[in-house]
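Please go through the two chains below. A brief report on their overall build follows.

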Amino acid sequence: MADLSYSFAGIKTPNPFWLASAPPTDKEYNVVRAFEAGWGGVVWKTLGEDPPVVNVSSRYGAVNYNGQRMMGFNNIELITDRPLQINLDEITRVKKDWPDRAVIVSLMVPCEEEPWRDILKKVEDTGADGVELNFGCPHGMSERGMGSAVGQVPDYVQMVTEWCKKHTEMPVIVKLTPNITDVRQSARAAVRGGADAVSLINTINSIVNIDLDVMAPTPTVDGKGAHGGYCGPAVKPIALNMVAEIARDPECKDILISGIGGISDWRDAAEFISLGCGTVQVCTAAMHYGFKIVDDMNTGLSNWMDSKGYNVIDDFRGLATPNVTDWNQLNMNYDIKARINQDLCIKCGLCHISCEDTSHQAITASRINGERRYEVVDKECVGCNLCMLACPVDNCITMEQMDNGKPYMNWNEDPRNPFSTAAE
Amino acid sequence: MSDIAFGRLSEDELEENFADMYPPLDAKTAGIEASRCYFCYDAPCIEACPTGINIPNFIRKIATANYRGSAIDILDENVMGGACARVCPTEVLCEEACVRTAQEGKPVTIGKLQRFATDWLMETGEQPYSQGAPTGKKVAIVGAGPAGLAAAHRLSQQGHDCEVFEAMPKSGGLNEYGIAAYKVPDNFAQKEVDFILGVGGITVHNGKKLGTDVHLADLRKDFDAVFIGSGLGSVQALGLDGEHLDGLHNAVDFISDVRQTGNMAELPVGRRVVVIGGGSTAIDIAVKKKKLGAEDVTLVYRRGPSDMSATSVEQKFAQNNNVRIKHWMQPKAIKTEGDRVTGVEFEYTRLDENGRLFGTGETVIVEADMVFKAIGQVFIPDPVRHEASALELNNAKIVVDENYATSLDGVFAGGDCIDGNIGLTVAAVQDGKLAAAAIGSYLADK
């Protein structure tokens, strides 16, 4: 059976599944329940300076899709609203009671060296395994010059990271905001500052819905709403891309990554790990279904690793990273065509209408003795995958590679490219 | 000894037995079910619907909570969309054609979704239809059943005035008198009639029977056009002695009694019941008898399960209600004691090598206190044949052309009384709808 344990920047964890810094990790009570359920670690909900913040009532909003709840989720909560000492005491107890689990403490204090130095000392005294610098929170705290207000300025990221490395021996994880144009800039700043790891993504600026009766965003606080942090399954593609950008960036020098963003099951986790993540962090899925989902994550990942012959996380960690490339490195001579398995076809016609209305008119619709029939016109098919994606039947439409005998040729080499090397 | 009794079950038991056969969907479950629809291109379900409702379109509108838009999509094509949602054999129509049936044997429950949308609109109390600009033309309609009301609804929207002559005291036709009570509870048929008449411009004369109270020749004289949607009038005979005995009944009469009674406990129920026939009516009467407290109900059909016009879903429904179905037996004689029915002698049947049914000579007696004939209804042509100018008939039904025109100028017909109709509510509605369009053209040219 696969060994799921991992040493992340020196932080030992029995499995790669951590709960992200969020409501599920705000109190000893919750964290103990999570550890009882089998989570490998937690990132304690962000601590700040006293007096603690005050939260509003009505805090979460959601995007439901086709009857599925919480495809996307957002919140306008701030950092922990409990006194600092209570949190510190609880962290101390939890770490003492659960020595084999990873306890990382998320921090956010004003952008000055002294507050960071002070709080780091206090956290060190709890016995916690590491700290995560919250440079991501996009709402509320950013208006006070913290959270993403820091994360959006690479120089600040580097500066605060340097302070933290100077004032603590604990591993420092820098949590990055996705609310930027190029996540590599802030990742590189963290690396320059000496970060042991980065974690991403934090939540995305969002308005999940407008309540058309109230004419205000949800969650609605007395008729008004503010933008909140977006997360949940809907953000996973954005997170994967940002993780990949950092994973393959030479300037990030193979920095360790803790992946966050819509991770709901073992497969999502495996995808993040395949892009180089050593641990993953989960929040929305737990907030939707409770902590017991970790059982499927643990057994699912383990069973999959066994089926692939991977013994430890590092056996497949980062295997997909080299295959993430720039568009101009893709093979222009690669040619695929859609193939419809007529025996599996249920005659919904979605392949035809999607191609006919919105793509390349490469699937004909006809009747043969009254029977509907949909067929690919190879000459028109550009191999875009749309029909395969629209088809509701698994494996009914597949994309078949054409043997055109042509060698690999990327866009830079393509004579059709006015700036190609071949055109010179 | 015959055993027919009243009130075999308590009031509570009867109420439970005659409650809605399938409870309606709520908004949440309707939304989830609607999202199962693939929104097919050239959707097979549309083709399978006799009224050609754009099913994927109305279902998508349920998914987006555009319930009004959904209901209008349905009612524009089928103003009895509410009744059809309840009584259509969807398992052999739209739901059989649903691509999910081919994919996984579980179609989108189109009938239930249609009911959700149409119920939603009717509950708002909104009347989305109104009479068109007056044309001054008058159309007589014979029969206030699905065909007649559908025709009247369309003709009114074209601006014509309609007068409907209905033999029965209530309107609705078989929706009111012929469909099992558990399919259309809560007086739905009358609510739907009111909704249809709400378009305006339609006057219904109940208790006016063609051939007795009104005459085709007069209608032709007094109106600009006539539509006959009078349905079928009489039940076929078994061709056996003793058809007028106590204990031998027509299924349709009894179904009507159940629908019209204010108190189920007043209906006579045999301890042992035999139903002869293989269609929806046979199923309805057999299930009703069980629900009313009969101990043994046996449905006998002369051929096999796949030959029954009742769908496999209907057959299973009967069996789930503890109706015993016996195939390959045909009635040979009614057994009696004095004037009372005591049972039916059946002869076993088989097919010969040419596929023709024959009796094997072996017989069996199924004891019964009540026997119901549910072997189909016939059109009674007398009211129209007695007119000076007779209508052309075929297979003892009225012949119409592709425009629903009969052999008489200005007389149109549709529904169960015309040759070739398949005998479903939804088909009758379609006839009425298309005939109204044809009548509209006829009146425009007149």
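## Fold summary

Of the 446 residues in chain B, 51% count as buried, where buried means under 20% relative accessible area, with a 1.4 Å probe and protein chains only. This is a predicted model, in which local features need pLDDT of at least 70, side-chain atom pairs count only at pLDDT 80 or more, and totals for chains, interfaces and linings use all residues. Residues are numbered from 1 along each chain as written, chains are lettered from A and ligands numbered from 1 in the order written, and side-chain values use heavy atoms, without hydrogens and water.

Chain B holds 18 helices and 19 strands. These are DSSP runs: helices are H or I with at least four residues, strands are E with at least two. A compact globule of 446 residues would have a radius of gyration near 22 Å, so the 23 Å of chain B agrees. The radius is taken over C-alpha atoms, and the globule rule is 2.2 Å times the number of residues to the power 0.38.

Chain A has 12 helices and 20 strands. Its radius of gyration is 24 Å, close to the 22 Å from the globule rule for 424 residues, so chain A is as compact as a globular protein of that length. Buried residues make up 52% of chain A.

| Chain | C-alpha box |
|---|---|
| Chain B | roughly 65 × 60 × 50 Å |
| Chain A | roughly 80 × 55 × 45 Å |

In chain B, residues 24 or more positions apart account for 70% of the contacts with a separation of 6 or more. Contact means heavy atoms within 4.5 Å. For chain A the figure is 70%.

Key
Buried means under 20% relative accessible area, exposed over 50%, partly exposed in between (1.4 Å probe, protein chains only).
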